[in-house]
Amino acid sequence: MVPRGLVAVVFVGWASVAAAASVRGTVMLPTEPRIADHESHWRVENGVLPLGPRVPDPHLDVIVVLEGAPNANAKVPNTVVELHGLRLDPRVTVVPIGGSVEFKNSDRVPHTLYMDRGTSLMPPAPTPSGQSRTQKFFAAGEYRIRDEEYPHVEGTIVVLQSPYFARLDEKGNFKLEVPEGKYTLKVFFRDKWVVSQPLEVAGRANEVTVQVPAPPPAGAKP
Amino acid sequence: MFWSKTWFLLIALAGALAVAVALLAARPLQHDLERETGARLERAQHSASLLLKVNARKWIDTAAQVSTDAVLAEALEQATKGPADLGLVHKTVQERLRYFNEKMKVDLVWATDARGRVIARAGLDDQVYKDGIEGFPLVADALRGLRGDDAWSIGGKLYRVAASPVIARDHYAGALVVGQEVAGELAQSMKRVLDVDVAFLLRGRVLAASAQLPLLGQLPLLVDQHAEEMTQNGRSAPLMIDHAGESYLVVLAPFVGEAQDHKAAYALVVPRQPGVTLGYLTSQLLAMDPKTLPWMQLAPVGGGLLLALIIGFVLMRLEAIGPAKRLARESQSLARGDVTRLDDGRHPGRFGTVARAVNTTLDRLGSAPRMTASPPRGSDGPFSRPEPFGARDPRPEPAFVPRQEPAFVPRQEPAFAPRQEFSTSAPESFSPRREGFASPRQEPMVPPPRPSSPAFAPTVQEERAQTDAEPPSVPEFENSATVQRNRPSPPALPRDSMPSLMEPDDRPDTSELRATEIRNVSPMMTSGPGMPTMQGNAPGRGDTQPQEAGPDFVESPSELLTPLKHRIPTPRPMPSPVPMGVGNPGASVQKDPFDDQTAVASPSEALLRAARDSSQVAPAPVEDPLDTEFRQVYRDFIDTKQACGEPTEGITFDKFSGKLRSNRQQLITRYSCKTVKFQVYIKDGKAALKATPVTT
């Protein structure tokens, strides 16, 4: 389970740091509506207490990636995605090419996970309660995982070629230790890449602020 | 009948036009009706959506009301804090949930702590707790203070659920979820409100329906096909579905909630208006209350139709029925013997054609007045046909008493043949039509020998010369004549009845007369269609009469056995032959170029009358047993021919029996049998005779 108080967790796992430079930044998400746009007839406030924060925090679903650096010799770790409370935790998971993801079912009910639009790679297969299912990814991309029995159970596996990526803390900050050079900063949010901009890393400290544009209104043409 | 036919044709056209208009005019109305039905379905779907939405709000309010329970809120607050004994809290919460469920009668009531962990359940899975359900968006939103509703797909069932946060003083202590399974009860409830059939579907199968509709099996496929349309528009367009002979209009709409991903949908179904057919219109018309029909508007139509029919019947009576009756009356008069020309001017159209045809026939047969003015049968007309043997007035003419050789000698082998199995050398079976019963119309129009008349009578020498020319080895007629001679002789004719030309010493013997009569009648009457003859070379010989040979209707010899209706007309007029003997007494009878046997003069009418008279005066002779048998065969033969639709004119018993006798004698001679049995049978749809030699 991802701790809610995570602050600027930076994954530099398997990258070797040569002439390391620090990249600090903030990703500002668009203003979220007070009431999520779930498919339902009604979502009304209770009228007694104000609404609490969204659970889970949307900032935890944001991935910041720096692309453009030469591949470093990286140690490929396994990533664990836990099924509990009838949801995937974390909802967005990053693995390098060739990395594996272990889906661990901690719910009392079995889950039948499958890859949306990729059933040949990860076909539906039941994972009983207390058991795990491991899936290896050999190509960069975004893989959406769903559950046959519970439509709301869904998550994304982002397979990256670059080893330099970070998650946001609940305030939207991140920090990366990367070699100096020219990069492309990309932000993954809500199952898609929402920001892609060049970034030159030079010196010890680099600051960057990224604004995620608001999604187009419903019904608007992309 | 032109006007009546035209009139009824117009009536039929008007009727067809009316039916076509009735059927075609209903098409646009039917389309409008279908559009209206589709719009009604869309309105029903909109109503269903509102109904479900309002109903969801009621569930939300119910959940909110339950969530305010203080015991429940306190227990969930303690559970959130992590009590030492969660089981005790579970029991407390579950008791409260069951208590409320007794009142709500719902299928599931779940209570979670502030972290989304189930503390207790009532209804579905009520023994399970401590599992997290915060992954449900509905629960997650309730945990942050939102009330809402959703549709869940759990275990193959569809639940409409509502959730409300449980508030403990100033913070959220948990969430309360209530839900109801989507089942037949909801379908019936919706049907009562919407007045359409409702079906619920989930994951490609039908969960429940308000009625067992035949098309239920097709609905999951329809949901798959229109999923995108349903997502975009919130419903599908009205769909026309034909299934098992029934036609329906269907509108599909998704259930609002996460179960939509599991193809949770509902279908509103109404039967389509059947196609407008004549049967449908009739049934609808019959189903209507007569009081509601627009009688005032229909009255002119009905009156016009009645008037048209009356006019048609009047025209038909004028043009068809009346003339037909007139023609029938005149035809009956004709049948009664009132042979006068029909007044074809009174008969319009084709009836006039018939009348003219009858008149033409009468003209051809001889003028009708001549018929009425003609001498009675048996008179001494110069060309009157001789009466058959046994007639009432067999007065012979002395000049025509052929005591010599019979003139009627067949040339060839007899056509009567025994059965094939009887003898391998038997002649071919008897086929009267083909061999001896040829149609007289196909025969050459050979003038017959001159009828009996003293002036025409050939001399004995002439007859002898003629018979000498015949093959002497054919004994048939000889045998027949012999049989005739062996009969008891009738008493002598009175002298005053003898013709003046006959000498007293030459008074004919009646036995001779009979044989003569057979000889002379046969050539005259072999013209009858179907008449069996033993000659193969001269069928139909003598089937004609000279045109001036007497009345148009002569009495057939068969009248003795058949009623008057068997009066036969003279087959066809013949050109008058050159009178034989007139101006050339020594001239012989003109010979038939096809058959010498016909070169025998017919006995004079006087002779025949004398014979008839003698038969009348004399007591009835005892009939020869062969005659009895032949008469029966003759009757059978005539009956069979009539049954086969063959003509029987010209077939007289005398000719018939003569043939049988000759054939019989021939077979007896050939097969040395005692007698010959004749049988009538049907061959190729025609009457035929079969001769079977009998040896025992």
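This is a short tour of two places in chain B, a helix with its cover and then a pair of helices.

The model is predicted: local features need pLDDT of at least 70, side-chain atom pairs count only at pLDDT 80 or more, and totals for chains, interfaces and linings use all residues. Residues are numbered from 1 along each chain as its sequence is written, and chains are lettered from A in the order in which they are written.

**Stop 1: H17(B)**

Select residues 625–643 of chain B, helix H17. Helices (H or I, at least four residues) and strands (E, at least two) are DSSP runs, numbered from the N terminus. At 1.5 Å times one less than the number of residues, the 19 residues should span 27 Å, which agrees with end C-alpha atoms 27 Å apart.

Now colour Asp627(B), Phe630(B), Tyr634(B), Phe637(B), Ile638(B) and Lys641(B), which are buried (20 or more other C-beta atoms within 10 Å of the residue's own; exposed means 12 or fewer, partly exposed in between; C-beta atoms are placed from the backbone). The face turned away carries the exposed Pro625(B), Thr628(B), Gln632(B) and Ala643(B).

Just after H17(B), Gly645(B) has a positive phi of about 80°.

**Stop 2: H9(B) and H10(B)**

Select residues 295–335 and 349–365 of chain B, helices H9 and H10. Their axes (lines fitted to C-alpha atoms over the stretch in contact, with angles from 0 to 180 degrees between N-to-C directions) come within 9 Å and cross at roughly 15°. H9(B) and H10(B) are therefore roughly parallel (under 35 degrees). Pro323(B), Ala324(B) and Leu327(B) of H9(B) make the contact with Phe351(B), Val354(B) and Ala355(B) of H10(B) (C-beta atoms, placed from the backbone, within 7 Å).

Note on methods
Parallel < 35°, antiparallel > 145°, perpendicular 65-115°, else oblique. Contact = placed C-beta atoms within 7 Å.
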